[in-house]
Amino acid sequence: MYTIEVQNLTKRFGSFTAVNNISFQVKKGEIFGFLGANGAGKTTAMKMMCGLLLPTSGSARIAGYDLKSESKQIKKEIGYMSQRFSLYDDLTIKENMMLFGTIYKVPKQELNERIEGHLTELNLMNHKDQLVSSIPLGWKQKLAFSTALLHRPKIVFLDEPTSGVDPIVRREFWSLIYKAAAQGVTIFITTHYMDEASYCERISIMAEGDLKLIGTPTDLKIRMGVNTIEELFTHFVNR
Amino acid sequence: MLSMPVVLIILFGFTISTEIPNAKISIYDQSEDVQSQRLIQSLIASDYFQVVNYPNSEKEIAEDFSQLQIKAAIIIPPQFEKKLISEKEVELQVINDMSDINVASVIKQYIETVILNFENDINLTEFGKTGLLKVSIQMKYNPELNSVYMFVPGIITLIMIIITALMSSITLARESETNTMKMMLITPVKKIHIVLGKVIPYMALSFLSTLMVLAISVWIFEMPIKGNLFVLLILCIVFMFTSASFGLLISAISKTQLDAMMITMMGLFLPTVLLSGFLFPLDNMPYGFQLLANIFPAKWFILALKDIMIKGATFIDIWFYVAVLLFISTLLTIFSVTQIDRRRAS
């Protein structure tokens, strides 16, 4: 069963085509890497899937709902975390989680239990009343991911979630991703780190608005006759 | 940035001027003889005044003040010509609208100038006396010449604009800057709810501040509220919405907090101070600026506020101002919402 089905999705800004006729599917519980250089159209494609941008043409089903006519239902089923940190700096850790949980209408009792569970998992229980502005970036990223999961979404979109954090935190972050995927959450992730790309079950590479390649990291390396994903990536980006 | 000095010098250069051409007046001629007609002619010929009515009673004069918005009324006493010949002193009564002290003092000067010229004319030709005509000023609306009357409406306006328009536009721009707006837009929350959630606290805050200013001006500075307090509060609420719609517009066209601040200061705050009639009389600005002043809601709000507090106007007297304010806010809200929507589609 596919939780993301994208069909001929296109986005034009005036005469510039940011996303050109892309189609792909992502399975439930899959970790799908969405690669491409800056300006390749990744963010635009992701914004369309989240309902932030209207597509020029094409269609998509996200979590079983039609992108154009059922965007309300889609919003309830997805979580999102951005490259730039996107929790409220002037609220505490717990207040942020309460805010987003309440927005998604998680029942109060249930929400309190979930927050406690997530904070314990992140080892942040003792810091729950600390302002988000005062905690290190690595914590913030993990917290944002955890908050995006509070309403138990079917899909989580991660837009370069680990940029700017050290390797240890990245490793911890990825163990959170694996845990969520194991529970059936579909992970849709963009990244600049090629080692992270090889953690994904399948990856795709976008360049100049086109979806150039899609498959498992090993398959793609064999298919293109290269040794690393980095070579694979530069092959498309430098053309 | 470079346009700033140009805008400033033009705004200040044209708005700060003490001349008031074509001030509206009424003349109550109780004598209707040759000399009274000559006086009226010289008032008209002076170019200072536009005589809008010739009332025939004190009651009609009062109506001219409330309905024709005259700035002053001149009452020529009966048997004007006879008195000029036989008496040592002839009193000319002038009723002056003191709700705007700056305007009132300029108008008083104009009247005195015209009368002096008139006296010189008749001195040369017929009567040969000097210092014959005495002007007695009767003040209407603000007999204590209290400057509180001037600045309270202005302060209320500025508070509403700073808190409601500036703060809500900055806070919305900040959401975009810190990416939390994007986060919010991805959640199932409706866009209008996000905006309302951001704007309502500031509206409440500005309303509380307005109540405080009113309380202080009434209890400490003894400013009257001659009209209905309820109507006054309704007016303030309407203006609060208008300010909020400006905040919405500013946040729709600005990407950062700095943009929002600059646009509010240059595009709203400054024009409000200069073009609302609060510090500088609108009547003496170039026609283009008077037209421009109509776009900014502050002018209408201050007019209505003064009418209620000083002149005791009822809702029927100020409904037009309220309608203009509602019209401006509806227009701006619709425009801003379509702007935000267009950004999503493009």
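Modeller: Domain bounds are taken from an automatic or database domain assignment. The model is predicted, so local features need pLDDT of at least 70 and side-chain atom pairs count only at pLDDT 80 or more, while totals for chains, interfaces and linings use all residues. Residues are numbered from 1 along each chain as its sequence is written, and chains are lettered from A and ligands numbered from 1 in the order in which they are written.

The part examined here is chain B. Its assignment gives domain 1, residues 17-140, and domain 2, residues 148-345. Taken over C-alpha atoms, the centres of domain 1 of chain B and domain 2 of chain B are 40 Å apart. Domain 1 of chain B puts 12 residues into the contact and domain 2 of chain B puts in eight residues; a contact needs C-beta atoms, placed from the backbone, within 7 Å. On the side of domain 1 of chain B that touches domain 2 of chain B, helix H5 (residues 101-125) of chain B gives the most, with three residues. Helices (H or I, at least four residues) and strands (E, at least two) are DSSP runs numbered from the N terminus. That side of domain 1 of chain B consists of five nonpolar, five polar and two charged residues. Here Ala, Val, Leu, Ile, Met, Phe, Trp, Tyr, Cys and Pro count as nonpolar, Asp, Glu, Lys and Arg as charged, and the others, Gly among them, as polar.

Next comes a pair of helices. Helix H8 (residues 191-219) of chain B packs with helix H9 (residues 229-253) of chain B at an angle of about 140 degrees, and their axes are 10 Å apart. Axes are lines fitted to C-alpha atoms, for helices over the stretch in contact, with angles from 0 to 180 degrees between N-to-C directions. H8(B) and H9(B) are therefore oblique to each other (under 35 degrees is roughly parallel, over 145 roughly antiparallel, 65 to 115 roughly perpendicular, the rest oblique). From H8(B), Val195(B), Val199(B), Met203(B), Ser206(B), Phe207(B) and Thr210(B) take part, and they meet Cys236(B), Ile237(B), Met240(B), Ala244(B), Gly247(B) and Leu248(B) of H9(B). This contact has nine nonpolar and three polar residues, with no charged ones.

Chain B also touches chain A: 13 residues of chain B are in contact with 16 residues of chain A. On the chain B side, helix H7 (180-186) and helix H13 (315-345) each supply at least two residues. H7(B) has the largest share of that side, five residues. By class, the side of chain B that touches chain A has six nonpolar, five polar and two charged residues.

Gln79(B) lies in the loop between strand S3 (72-76) and helix H4 (80-86) of chain B. Its phi is near 50 degrees, a positive value in a residue other than glycine.

Technical notes: Two residues are in contact if their C-beta atoms, placed from the backbone, lie within 7 Å.
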